[in-house]
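Hi there,

Here is the structure I promised to pass on to you. Have a look at it first, and then read on for what turned up.

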Amino acid sequence: MKSYNLDSIDKVFQFATQFSPENHSVFRGVNNSEYDLIPSVGRLPPLSNRDEELDREKALLEQFKMKSALRVPSKPSNDWEWLSLAQHYGLPTRLLDWSINPLIALYFATAHSPEELYGASELNDCAVYVLISHIHIDSSYHIHPFGLDETLEFYAPNISERVINQAGLFTVHHNPRSAFDTEKLHKFVIPGGLKPLIQAKLNLLGVSESTIYPGLDGIAKSLKTEFYNQTTQPLNLEKAPKYMQSQLNGL
């Protein structure tokens with residue numbers, strides 16, 4: 001993996017707008033540049049060996065399938081589709097979320113609560129990972145997701161409006177305990193101090209909570225961010241007016 005620094009707002013958006021579909025690139029934003037590309041199931045407490053960890057992962061998916069069957073409007077046709085649905089709702093899986101849109105990845109790299117983003121606290125550096133020309137599959141792939149011997153890009157069916165809006169896809173990891181790395185992976189590090197400026201510019205470009213999270217939750221999040229962004233100087237929450245303090249735990 002190669003690493004680069006984007007130390008100005010101009011460099012950030014020059015980077016984010018240089019790609020075209022012909023690049024065959026996908027993007028993932030992390031709001032801490034120290035985060036490795038390890039899927040959520042690989043971050044669970046370790047067990048005594050890999051077989052036990054695989055059994056736990058299978059049991060998690062089976063429990064999800066059993067308990068969600070009556071709540072799923074369209075039943076997934078195989079475990080690839082079940083896995084993508086489980087990932088969408090927060091179950092620990094061997095999938096990592098990516099997007100074909102670099103602006104979406106930039107949003108997630110710089111996203112914080114409004115209190116953090118527009119407050120006086122120091123923001124950590126973030127990063128956008130770019131993966132180029134990797135092998136990709138869909139849910140008809142002939143190998144079971146737990147039987148892979150390499151990491152692949154997985155284009156799942158559109159299971160929700162949120163996935164569509166985020167131009168989403170996944171990588172599926174054959175060894176979820178290990179940080180993903182390849183010569184086709186590039187990491188672009190962005191200083192934390194640029195995050196508020198980047199979020200403001202993304203909003204002008206139509207990338208905000210209300211588009212990333214369609215529905216009432218996105219509207220509420222975008223209103224809260226707009227409320228804090230109206231502050232023209234770093235926010236001292238202890239000295240904030242009472243009406244502002246009442247919003248600290250959400251609208």
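**What I found**

D125 sits in the loop that runs between helix 5 (114-117) and strand 4 (126-132). Please keep in mind as you read that this is a predicted model. D125 is partly exposed, because its relative accessibility is 38%, which falls between the 20% and 50% cut-offs.

L223 belongs to helix 9 (residues 216-229) and, with a relative accessibility of 46%, counts as partly exposed.

Now for the inside. The largest nonpolar core has 24 residues, and those that touch the most other members are V12, L106, V128, I190, I198 and L202. Two or more residues each come from helix 1 (9-16), helix 4 (102-110), strand 4, strand 8 (185-190) and helix 7 (195-204). Helix 4 gives the largest share, with six residues.

On to the charged pairs. Side chains of opposite charge can pair when their charged atoms come close. How many salt bridges does the structure hold? There are five salt bridges, and here are some to look up:

- K11 and D7 meet through their side chains at 2.9 Å, N to O. K11 is partly exposed, with a relative accessible area of 38%.
- R177 and E53 form a salt bridge at 3.1 Å, N to O. This pair links distant parts of the chain, 124 residues apart: R177 lies in the loop between strand 7 (168-172) and strand 8, and E53 in helix 2 (residues 50-68). R177 is partly exposed at 29% relative accessibility, whereas E53 is buried at 14%.
- R94 and E57 form a salt bridge at 2.7 Å, N to O. This pair also links distant parts of the chain, 37 residues apart, with R94 in the loop between helix 3 (79-88) and strand 3 (95-99) and E57 in helix 2. Are these two partners buried or exposed? R94 counts as buried because its relative accessibility is 3%, and E57 counts as buried because its value is 5%, with the cut-off for buried being under 20%.

Enjoy exploring it!

Best wishes

Notes
Residues numbered from 1 in each chain as written. Predicted model: local features only at pLDDT ≥ 70, side-chain atom pairs only at ≥ 80, totals over all residues. Heavy atoms only, no water. Helix = DSSP H or I, 4+ residues; strand = E, 2+ residues; numbered from the N terminus. Buried < 20%, exposed > 50% of the residue type's maximum accessible area, 1.4 Å probe, protein only. Core = buried A, V, L, I, M, F, W, Y, C linked by side-chain atoms within 4.5 Å. Salt bridge = Lys/Arg side-chain N within 4 Å of Asp/Glu carboxyl O.
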